[in-house]
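Look at the fold below before you read on. Then follow the report, one topic at a time.

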Amino acid sequence: MTTDPITREDLEMAAKAAGLEVTWGWRPHTDDGDCARMEDAVGIDVCRFRRLVRVCVSGQGIVDADFADHDNDRSRARRYASVKLAAAVGRGMA
């Protein structure tokens with residue numbers, strides 16, 4: 001599984017989905033606390049499997065992230081998948 005990098009647009013769209021303004025200090029892609037608050041605001045559920053993190057929002061889709069693609073770091077895989085899903089939700093907002 002390959003992963004696309006988190007872009008500024010991803011962060012902006014994730015912030016939109018969470019009802020936040022992007023600030024210099026908001027880093028859900030690197031900070032577990034920021035990520036957890038974003039997940040809560042967007043309604044993201046996290047499921048962990050043997051080598052995979054799966055995040056989903058009811059009716060909005062599912063994003064998977066393999067630990068191997070993130071240096072076997074479960075938290076890094078979770079943050080990646082959550083930001084990508086939140087960004088997709090943000091892009092879908094009118």
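Asp-71 is exposed, because its relative accessible area is 63%. Asp-71 sits in the loop between S3 and H3. Its phi is positive, about 55°, although Asp-71 is not a glycine. Asn-72 is found in the loop between S3 and H3. Asn-72 is not a glycine, yet has a positive phi of about 55°.

## How to read the values

This is a predicted model: local features need pLDDT of at least 70, side-chain atom pairs count only at pLDDT 80 or more, and totals for chains, interfaces and linings use all residues. Residues are numbered from 1 along each chain as its sequence is written, and side-chain values use heavy atoms, with hydrogens and water left out.

## The whole chain

The protein chain has 3 helices and 3 strands. Both kinds are DSSP runs, numbered from the N terminus: helices are H or I with at least four residues, strands are E with at least two. Along the sequence, the pattern is α-α-β-β-β-α.

The C-alpha trace spans about 35 × 30 × 20 Å along its principal axes. The radius of gyration of the chain is 12 Å, which agrees with the value near 12 Å for a compact globule of 94 residues. This radius is taken over C-alpha atoms, and the globule rule is 2.2 Å times the number of residues to the power 0.38. Of the 94 residues, 39% count as buried. The chain exposes about 5400 Å², and carbon and sulfur atoms supply 47% of that area. Accessible areas come from the Shrake-Rupley method with a 1.4 Å probe; for residues, only the protein chains shown count as cover.

Now take contacts, meaning heavy atoms within 4.5 Å. Among those with a separation of 6 or more, 52% join residues 24 or more positions apart.

## Helix H1 and its partners

Helix H1 covers residues 8–18. Its buried residues are Asp-10, Leu-11, Met-13, Ala-14, Ala-15, Ala-17 and Ala-18. What do they pack against? The buried residues of H1 meet helix H2 (32–42) and helix H3 (74–92). Residues three or four places apart in an α-helix point the same way, because the helix has 3.6 residues a turn. Just after H1, Gly-19 takes a positive phi of about 75°.

## Salt bridges between helices

Side chains of opposite charge can pair when their charged atoms come close. A salt bridge is a side-chain nitrogen of Lys or Arg within 4 Å of a carboxyl oxygen of Asp or Glu. The structure holds 10 salt bridges. One of them joins Asp-10 and Lys-84, with the closest N and O atoms 2.8 Å apart. This pair links distant parts of the chain: Asp-10 is in helix H1, Lys-84 is in helix H3, and 74 residues separate them. Asp-10 counts as buried because its relative accessibility is 3%. Lys-84 counts as buried at 17%. Glu-9, Asp-10, Lys-84 and Arg-91 are linked in a network of salt bridges.

Next comes Arg-78. Its side chain meets that of Asp-32 in a salt bridge (3.8 Å, N to O). Arg-78 lies in helix H3 and Asp-32 in helix H2, so the pair ties together parts 46 residues apart in sequence. Asp-32 is partly exposed, at 36% relative accessibility. The side chains of Glu-39 and Arg-78 also meet in a salt bridge (2.9 Å, N to O). Glu-39 lies in helix H2, so this pair ties H2 to H3 across 39 residues of sequence. Both Glu-39 and Arg-78 are buried.

## Two ends of strand S3

Strand S3 holds residues 61–66, including Asp-66. Gly-61 counts as partly exposed because its relative accessibility is 33%. Leaving aside neighbours within four places in sequence, Gly-61 is in contact with Val-55, Cys-56 and Leu-85.

Which side chain of opposite charge is nearest to Asp-66? That side chain is Arg-51, 4.2 Å away. Asp-66 is buried yet has no salt bridge. For charge, Lys and Arg count as positive and Asp and Glu as negative; His and the chain ends are not counted. A polar atom of the Asp-66 side chain lies 2.8 Å from the backbone nitrogen of Ala-68.

Conventions:
Buried < 20%, exposed > 50% of the residue type's maximum accessible area, 1.4 Å probe, protein only. Polar contact = N/O pair within 3.5 Å; in protein donor to acceptor, adjacent residues only side chain to side chain.
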